[in-house]
Amino acid sequence: MVTISPYGSWASPISAELLVEQTVNLADLVLDGDRLLWSEARPSEGGRVVLVSRRVGEGVTPHHSAGHRTGPEPAPPRDLIPPPFSARTLVHEYGGRCVAARGHSRVFSNHADQRLWRIDGDSGPVPITPEPREPRSERFADPVISNDGGWVVCVRERHRNGGADNDIVAVASDGTAIRELAAGHDFYAAPRLSSDGRQLAFVTWDQPAMPWDATQLWVGDFNAGALDGVRLVAGSPGESVTQPRWSPDGRLHYISDRSGWWNIYDEDGRPLAPMEAEFSGPDWGFGQSTFTFLDDGRLVATWTALGGGRFGVVANGRADPVELELTSFSSLVGVGSSVCAIAASPTQAAAVVAIDVDRGVVEVIRRSRTMPVSAEALSVPEAVEFPTANGFSAHALFYEPKSVDHAAPAGELPPLIVMSHGGPTANASSELNLKTQYWTTRGFAVADVDYGGSTGYGRAYRDRLQGQWGIVDLDDCVHAATWLAAQGRVDGNRMAIRGGSAGGYTTLCALTFRDVFAAGADFYGVADLEMLAADTHKFEARYLDGLVGPYPQAVDEYRRRSPIHYVDQINCPVIVFQGLEDAVVPPSQSEAIVEALRRNGLPVAYLTFPGEQHGFRRAETIVTVAQAELAFYGRVLGFVPAGESFSLVIENEDAIRPRGGSPAS
């Protein structure tokens, strides 16, 4: 029997604890002979990232279009690193791939000390880089092992004298030497050895460019831990080149956006499937892999275009999709005539899968979680395009409230949560995310906005944010909310906005410069652009040059767009979450906005988390944040959450004026 209950108060099958129970975050597939390796970030182990292994074809389960197959689960993969080791690099602070394998010898970067460690067979880890003078002052990322096993080629980042230097080095596998291979540019990424091991390709860029702005692709001759004859292959001003990769017959391939879209090219500069689609995403972390080769030389890729993600074979000037219900693919690795990948859909959580390219058969190797709810209880996103400022249109994924047990009273419209993603050069993903369904199953509508500047829509859309951060993203998030309200799909009096990092900045801008939202949730967001320009890490030290303007020349613009200087204009409650070890957006940013809200007598809740960095990884943190945010919305928007009890302290709580639901017009 369906129970009639106000939106927001629905009993949900997804508790805060369920967000982290029996779940792992999967990344970085690596082929090691007859075994497949990947990393698992485990909230239940304090966010520890474990390197795990399974023999290819061992214990896989067929995947069926109607959902996950019932029956016995495959045996769990084998952990390769014991506690307290954690395979995570801090190069560029965001890290990424830090694992390589060859001949059952594996190397990884250990989070605690940032040294490279080697594992041979079943033996325990041994370090192959020396202990640095200062903790974590020498870091390594994106490794590849030479054909003879003697060298580990990787990106190195050295922190000294208050700055950081980046280069590419060859580390002797026995730990006896480190040789510099390439230096002189601000940043390096993606060192990739050819199939015969004689050539090394890599990518560079220099400030103020970010890797999605302008990069260069180089190739040199690699021999005995040395690199000679380095030459430029691709890259020009205003061109982003990424993901160098060698085919089995030794031809170099890469992705470039020289056409306005990230397409695949061969070493002669010929586009292999020219189309208005994105075959890559922004390189926030190391190790992105959106195309690979099968043993017979065929190139298999994933790409995004309006309408979602695709997977298929690139040949004869076109990309032919394989029909699958999966819609999101990453970390592609060719294995015989199949491709292993991390894949998901709007109703299926991410999993390590093997895809038979010819038959279109998908086998599940490792699921990120067991599914706690039926597909019928899940809200499937609708891709919407809406009008925004200056005659443009923008994009969002819209989730309606969904429950098999509850319905709202007649005439009531749902409250809306606008999600502003980070980056800001990132995008909304359609893959199943229980953190989104946590809201929809309680009776919230959600709009995950791909504002101008987001990736997935071509370079011109991405470049809308150049010089316009805090303007275009703000306009698009506000217009998404007001458009949905005007369409009669949400309650325009009960709209909240939330976001983390760059999305937290957009959230604070929306609360400061517009009077549209009834509440906001800021996750380690930027409050003061000047403070960010002066107190952030090397990778993003010049990012604002493109998004706002050169600093300090454009100091007046920095101040005009910084919410901290206009906090008197905020007139709704705000909840702020901050990790105390965040080096990307330091706690001082959140503390500044919270202190200003306190002075002005506004309702504010401030939750801090020792040991957390940029993004929350610990199970207890994730649970606390979900419960606190729900309690906050309940108090502000005027409903009583079902089944959740959290003692939230809201300063100046007596200034809250709960807003009731409004009838549909």
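In the predicted model, the side chains of Ser 53 and Arg 35 are joined by a polar contact of 2.5 Å. Ser 53 belongs to strand β4, which spans residues 48-55. The relative accessible area of Ser 53 is 1%, under the 20% limit, and the residue is therefore classed as buried. Apart from neighbours within four places in sequence, the residues in contact with Ser 53 are Arg 35, Leu 36, Leu 37, Pro 77, Arg 78 and Leu 80.

An open sheet is formed by four strands, arranged in the order β15-β16-β17-β18 with antiparallel pairing. Strands β15 (187-193) and β18 (226-234) lie at the edges, each pairing on one side only. From one strand to the next, the twist averages 25 degrees. Strand β15 runs antiparallel to strand β16 (residues 199-205), and five bridges join the two. Within this pair, Phe 187 stands opposite Trp 205 of β16.

Two packed helices are described by the angle and the distance between their axes. For helix α3 (residues 472-486) and helix α4 (residues 502-513), the axes come within 9 Å and cross at roughly 70 degrees. This angle falls in the range of 65 to 115 degrees, so α3 is roughly perpendicular to α4. On the α3 side, the contact involves Asp 473, Leu 474 and Cys 477, which meet Tyr 505, Thr 506, Cys 509, Ala 510 and Phe 513 of α4. Of the residues in this contact between α3 and α4, six are nonpolar, one is polar and one is charged.

Conventions:
Residues numbered from 1 in each chain as written. Predicted model: local features only at pLDDT ≥ 70, side-chain atom pairs only at ≥ 80, totals over all residues. Heavy atoms only, no water. Axes fitted to C-alpha atoms, helices over the stretch in contact; angles between N-to-C directions. Parallel < 35°, antiparallel > 145°, perpendicular 65-115°, else oblique. Contact = heavy atoms within 4.5 Å. Nonpolar A, V, L, I, M, F, W, Y, C, P; charged D, E, K, R; others polar. Buried < 20%, exposed > 50% of the residue type's maximum accessible area, 1.4 Å probe, protein only. Polar contact = N/O pair within 3.5 Å; in protein donor to acceptor, adjacent residues only side chain to side chain. Pairing = 2+ DSSP bridges.
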